[in-house]
Amino acid sequence: MSLNSDIGEGFGVWSVADDRALLELVTDANVACGFHAGDPDILLQTCRDAAELGVTVGAQVGYFDLRGFGRRFIDVPPASLAADVLYQLGALDAIARACGLSIAYLKVHGALYHACVQRPDMARAIAEGLTMFGRDIPVLCQPGTPFAAAIDDAGCRLLREGYIDRAYQPDGLLVPRGQEGAMITDPEAAARRAVQIATTRTVTAIDGSTLPLEVDSVCIHSDSPGAQEIAQAVRAALEDEGVALRGLLA
């Protein structure tokens, strides 16, 4: 099982989380590529730390929306969105290579991810950007969604992701941020959820129903309250259960 987190989501003097501390706990880092968060200094330091700690690096692409942290829908034309994806991949690729790393996968951030679930044209634009990048890297996303189906239809490889700090609806989608119960911030509750996903391949939805959930990786959002404490509890609980933690492409 892989344990991933969104990393490098600060900008300039602002920071969202203790990225170094999270990198010491996770196996895979979804590195913000400068559109919703991140700047050249942060990208470079993140990649240097990831290389030192043996953490796999993935590109987290989003809307060009620093002010809104990529959590506001923007109706970007698909052709422009594909170019945006290529631009972000190129930025991280150059910095990762300078640190002896390469991009292992792509993950879509925030409002752009939710748009891809609802808009097949946007999902296809993500695939087009990947194709232009010219490297066969997989897409990390929630299984069983229209976005996953669109990426699969485009011929891109999929890596399946589950969330331990977000609540699920009975239909398998995430409870929208802002709704009561959408975030799981208690480290012990998050750890129990991680163990459930890893050992039973199921997750409990917000209404108490049990959903099947076959995943390759579980995610902790670095901007969740207490992200470092959640990551510590999750890693310890998984290791206590004998779950082997390794990078997505290890």
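This is a predicted model: local features need pLDDT of at least 70, side-chain atom pairs count only at pLDDT 80 or more; totals for chains, interfaces and linings use all residues.
Colleague: What is the phi of arginine 201?

Modeller: As a general idea, most residues other than glycine have a negative phi. Arginine 201, however, has a phi near 55 degrees, which is a positive value. Phenylalanine 69 also has a positive phi, near 55 degrees, and this phenylalanine belongs to the loop between β3 (56–61) and α3 (78–98). With 18% relative accessibility, phenylalanine 69 is counted as buried.

Colleague: Which residue meets the side chain of arginine 201 in a salt bridge?

Modeller: The general idea is that side chains of opposite charge can pair when their charged atoms come close. Here the partner of arginine 201 is glutamate 214, at 3.8 Å from N to O. The pair links distant parts of the chain, 13 residues apart, since glutamate 214 is in the loop between β8 (210–212) and β9 (217–220). Glutamate 214 is itself partly exposed, at a relative accessible area of 42%.

Colleague: How many salt bridges does the count come to?

Modeller: The count comes to 15 salt bridges. One of them joins aspartate 65 to arginine 72, where the closest N and O atoms are 2.5 Å apart; aspartate 65 is buried at 5% relative accessibility, whereas arginine 72 is partly exposed at 43%. There is also a network of salt bridges that links Arg20, Glu24, Asp49 and Glu52.

Colleague: Which side chain meets glutamate 161 in a salt bridge, and is glutamate 161 buried or exposed?

Modeller: The side chain of glutamate 161 meets that of lysine 107, with 2.7 Å from N to O. This pair, too, links distant parts of the chain, with glutamate 161 in strand β6 (residues 158–163) and lysine 107 in strand β4 (residues 106–108), 54 residues apart. Because buried means under 20% relative accessible area, glutamate 161 at 0% falls in that class, and lysine 107 is likewise counted as buried, at 3%.

Colleague: Which strands make up the barrel?

Modeller: The closed barrel has 7 strands and runs β1-β2-β3-β4-β5-β6-β9, with parallel pairing. Neighbouring strands of this sheet are turned by 35 degrees against each other on average, with direction ignored. As one case of the pairing, β4 and strand β5 (residues 139–141) are joined in the parallel sense over 2 bridges, and the bridge partner of lysine 107 in β5 is leucine 140.

Colleague: Which strands does helix α6 lie across, and which does helix α8 lie across?

Modeller: Helix α6 (residues 146–153) lies across β4, β5 and β6, and runs at about 160 degrees to β5. Helix α8 (residues 227–240) lies across β1 and β9, at about 150 degrees to β9.

Methods: Residues are numbered from 1 along each chain as its sequence is written. Side-chain values use heavy atoms; hydrogens and water are left out. A salt bridge is a side-chain nitrogen of Lys or Arg within 4 Å of a carboxyl oxygen of Asp or Glu. Buried means under 20% relative accessible area, exposed over 50%, partly exposed in between (1.4 Å probe, protein chains only). Helices (H or I, at least four residues) and strands (E, at least two) are DSSP runs, numbered from the N terminus. Two strands pair if DSSP finds at least two bridges between them. Axes are lines fitted to C-alpha atoms, for helices over the stretch in contact, and angles run from 0 to 180 degrees between N-to-C directions. Contact means heavy atoms within 4.5 Å.
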